[in-house]
Amino acid sequence: MLEGRHLIEPDDLSVEEIDEICSLSEQMIVDPAAFQDVCRGKILAALFFEPSTRTRLSFEAAMLRLGGAVEGFSDAQSSSAAKGESLSDTIRVVSSYVDVIAMRSPKEGAALLASRFSSCPIINAGDGGHFHPTQTLTDLVTIRELRGGFENLTVGFCGDLKFGRTVHSLVQAMCRYKNNKFVFISPSELAIPEYIQESVLDASGAEYESAYRLEDVIDKIDILYMTRVQKERFFNEQDYIRLKDSYILDKAKMKLARPDMIVLHPLPRVNEIAPEVDDDPRSAYFRQVKYGMYARMALIAKLTGCL
């Protein structure tokens with residue numbers, strides 16, 4: 001069902017397709033050696049017009065573990081974009097060489113534009129403040145592994161909810177499952193955007209609330225999704241400096257949380273989670289990173305028609 005498809009935003013996948021990818025990811029987690037040759041002969045282009053460590057390396061590791069090959073760039077300045085080449089021309093050229101493209105851009109809508117000119121599947125690896133669907137798949141695989149499913153959960157999002165594309169994507173995905181509630185913890189300057197409230201939360205009938213203090217609501221949360229305040233999303237550096245330390249998860253706050261709560265973070269972390277929290281068994285963000293590689297392995301195998 002997924003062969004040849006583009007993945008631009010989470011809603012491009014049906015609930016059934018998400019479950020299919022999660023199930024395949026779980027098989028890969030259990031027995032990765034069984035999948036080491038399924039994409040042999042296939043090539044992934046990793047086109048990163050914006051800096052990335054985890055996402056880029058995760059895509060590259062995923063394709064290599066499937067037996068395929070990787071080419072691309074990690075900086076727009078090392079591509080013909082630095083000479084003024086249009087995105088459409090770049091995609092037309094690159095898609096003639098490879099079987100699937102993972103692309104990150106600081107510009108909202110860039111992945112959708114690329115999909116209109118590509119002769120192979122485009123995977124959106126993040127487009128500005130819009131969406132990051134493979135991080136959402138990473139989050140969903142982690143939640144299913146650690147919580148057993150996607151329903152009847154209270155999910156708390158803390159930090160930069162305005163510019164955080166990972167937040168927007170996960171909210172969109174979790175609204176498709178039954179009886180989920182949401183708690184949004186942020187300063188007013190970084191609150192969840194109105195268009196997400198209206199087009200996703202209100203449209204799905206989801207129950208949600210906002211809070212300014214994490215310690216006031218942490219005891220009701222099943223999954224706490226922490227995010228960093230991203231300097232690159234601010235036009236005014238003074239606003240960034242004023243807000244960057246607003247919400248820090250530490251041992252004192254963790255003592256107020258449920259014993260079975262799990263803490264997720266898309267990374268990179270700055271100081272929004274104190275290192276003292278890393279040893280808490282409820283902290284799942286480093287496991288989340290590894291699950292992300294398997295999620296991308298499953299997605300690549302499906303889009304290329306290898307499985």
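This is a predicted model: local features need pLDDT of at least 70, side-chain atom pairs count only at pLDDT 80 or more; totals for chains, interfaces and linings use all residues.
Visitor: Hi! At what angle do α5 and α6 pack?

Guide: Hello! Helix α5, residues 133-147, packs against helix α6, residues 165-174, at about 55 degrees. Their axes are 9 Å apart.

Visitor: And what does that make α5 relative to α6?

Guide: Oblique, because angles under 35 degrees would count as roughly parallel and 65 to 115 as roughly perpendicular. That angle therefore makes α5 oblique to α6.

Visitor: Is the crossing left-handed or right-handed?

Guide: The crossing of α5 and α6 is right-handed.

Visitor: Which residues make the contact?

Guide: From α5 you have P133, Q135, T136, D139, L140 and I143. On the α6 side, T166, S169, L170, A173 and M174 take part.

Visitor: How do those divide into nonpolar, polar and charged?

Guide: The contact of α5 with α6 has 6 nonpolar residues, 4 polar and 1 charged.

Visitor: Switching to pockets: how much space lies in the largest one?

Guide: The largest pocket holds about 540 Å³ of space.

Visitor: Nice. How many residues line it, and which lie nearest the centre?

Guide: There are 31 lining residues, and R104, R228, P266, L267 and P268 lie nearest the centre of the largest pocket.

Visitor: Which elements give two or more residues to that lining?

Guide: Our helices α5 and α6 come up again, along with α2 (54-65) and α10 (285-303). The largest share of the lining comes from α10, with 5 residues.

Visitor: What about nonpolar, polar and charged residues in the lining?

Guide: The lining of the largest pocket divides into 15 polar, 9 charged and 7 nonpolar residues.

Notes:
Residues are numbered from 1 along each chain as its sequence is written. Side-chain values use heavy atoms; hydrogens and water are left out. Axes are lines fitted to C-alpha atoms, for helices over the stretch in contact, and angles run from 0 to 180 degrees between N-to-C directions. Helices (H or I, at least four residues) and strands (E, at least two) are DSSP runs, numbered from the N terminus. Angles under 35 degrees count as roughly parallel, over 145 as roughly antiparallel, 65 to 115 as roughly perpendicular and the rest as oblique. A crossing is left-handed if the near helix is turned anticlockwise from the far one by less than a right angle, and right-handed if clockwise. Contact means heavy atoms within 4.5 Å. Ala, Val, Leu, Ile, Met, Phe, Trp, Tyr, Cys and Pro count as nonpolar, Asp, Glu, Lys and Arg as charged, and the others, Gly among them, as polar. On a 1 Å grid over the protein atoms alone, a cavity is a set of points where a 1.4 Å probe fits but cannot get out, and a pocket is an open set with protein on both sides within 12 Å along at least five of seven lines; lining residues have an atom within 4 Å of a point. Grid points are joined across faces, edges and corners, and a volume is the space filled by probe spheres set on the points.
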